[in-house]
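Here are my notes on the model you sent. Please read them with the structure open beside you.

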Amino acid sequence: MSTSSAWRSASAIRVVLVAAVAAAVFLAFYGLFSGGQTGTDSAAHDSASPSADGRQAADSSEGEAASFTTASAGSCVTWDIAPDGTATGFEQTSCDKPHRFEVSAREDLSAYPTSEFGPNAKRPDVTRQNALRDELCEAPTVSYLNGKWDPNGRYDIASILPPAGSWDQGDRTLLCGLQTTDANGVPQESTGKVSEVDQAVVAKPGECRKVDDKQVVSTVPCQEPHQMETVSAISLAEKFPDAYPSDEEMDKFLSETCTQNAMDYLGGEENLYQSTLQPFWGAMSRESWEGGSRSVNCSLIHIKDGHFSEITGSATGGREALSINGAPPTEQPKRNPLRDPNAQPAEQNSQQGSENAQPAGQNADPAAPEAVAPAQ
């Protein structure tokens, strides 16, 4: 699977933070009702096991069995997840309401070319479920979406098996579909059909993001070490509703928008300058755009010696709340104020003269960072 997500800073220099930002938490949740057997993508979550995540199967009921058996392409289904991980209340629902799974295809395992899934067959284990997903679900799901699927986006192709009681009674239905999961592989609720929503992976404003030694991105409390603090999610569709923009158009729009969002997030341009942080945003590949993604995150980062610094604390608390690489933010040099856009012409000329007289080496634009070399 291609994972070509790139990132850009406010200096319009490409910075590769991780190779798999958008797919860092690609996890499948097959076999929801399979006696606790849950499938995961082993490359993304090697430590996952049927017992490690605490999820267990719900007992079958007539309602759950009927909902599963009658679900078909275009249906949306959901279920409840108790605090102990138990799944209950499997039912169909309207796709414009919160749901955990959109069905793209039905497969009858009893018609499988071999006798593997005969009347007395045991439920497939996790490894076999993963193989069935790859073999039976990927092509029909992409076809169901008319090719509009971003493999780097927030929706995974997955499959689920019938309730345990139904399997024991001979039901060999396998539902293929799409879902979004959290970092532990638990299916999350979403609203709307996948083909009609923004598929981009974005964090929420105020969330802090950490990149671990394996280059996996996760959301952590801002009081824990992190590399990025999310400022906003920027929709490219609002600026470019008709077609994928050129690199120059995208850079210009994101530079202006992210910088303004960062100042608004911190309560003004001076606060951004004093934080010593700089705006930073994601890039949108043509593949992701054509697959249905439209948004990127605007974040705050710190660069030292060409690498991303480790930040502790939220920038919204001011300099006193921040620690950068284990030390307080460096003192910023005093500078002349930026020109007041509401000032009268005479006042502007006076301010411009003061700006031109500032000592060499001072940067009147705190949002313009130093050149950023690729992270190693």
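1. R319 is buried, at a relative accessible area of 16%. Buried means under 20% relative accessible area, exposed means over 50%, and partly exposed is in between (1.4 Å probe, protein chains only). The side chain of R319 meets that of E331 in a salt bridge, at 3.4 Å from N to O. A salt bridge here is a side-chain nitrogen of Lys or Arg within 4 Å of a carboxyl oxygen of Asp or Glu. R319 sits in the loop between β16 (311-312) and β17, and E331 in the loop between β17 and α8, so the pair ties together parts twelve residues apart in sequence. E331 itself counts as exposed, at 67% relative accessibility.

2. A word on the basis. This is a predicted model: local features need pLDDT of at least 70, side-chain atom pairs count only at pLDDT 80 or more, and totals for chains, interfaces and linings use all residues. Residues are numbered from 1 along each chain as its sequence is written, and side-chain values use heavy atoms, with hydrogens and water left out. Helices (H or I, at least four residues) and strands (E, at least two) are DSSP runs, numbered from the N terminus.

3. How many salt bridges does the structure hold? There are six. Side chains of opposite charge can pair when their charged atoms come close.

4. One of them joins R335 and E270, with the closest N and O atoms 2.6 Å apart. This pair links distant parts of the chain, 65 residues apart: R335 is in the loop between β17 (323-324) and α8 (345-356), and E270 is in helix α6 (residues 269-275). R335 is buried, with a relative accessible area of 16%. E270 counts as partly exposed, at 37% relative accessibility. Look at E269 too: E269, E270 and R335 are linked in a network of salt bridges.

5. R133 forms a salt bridge with D134, and their closest N and O atoms are 2.3 Å apart. R133 counts as buried, at 9% relative accessibility. D134 counts as partly exposed, at 41%.

6. Now the strand. Is β11 (residues 228-235) largely enclosed or largely open? Seven of its eight residues are buried, so β11 is largely enclosed by the rest of the structure.

7. β11 pairs with strand β13 (residues 295-301) in the antiparallel sense, over six bridges. Two strands pair if DSSP finds at least two bridges between them. T230 has S299 in β13 as its bridge partner. β11 and strand β9 (residues 208-211) also pair in the antiparallel sense, over two bridges. There, the bridge partner of C208 is E229 in β11.
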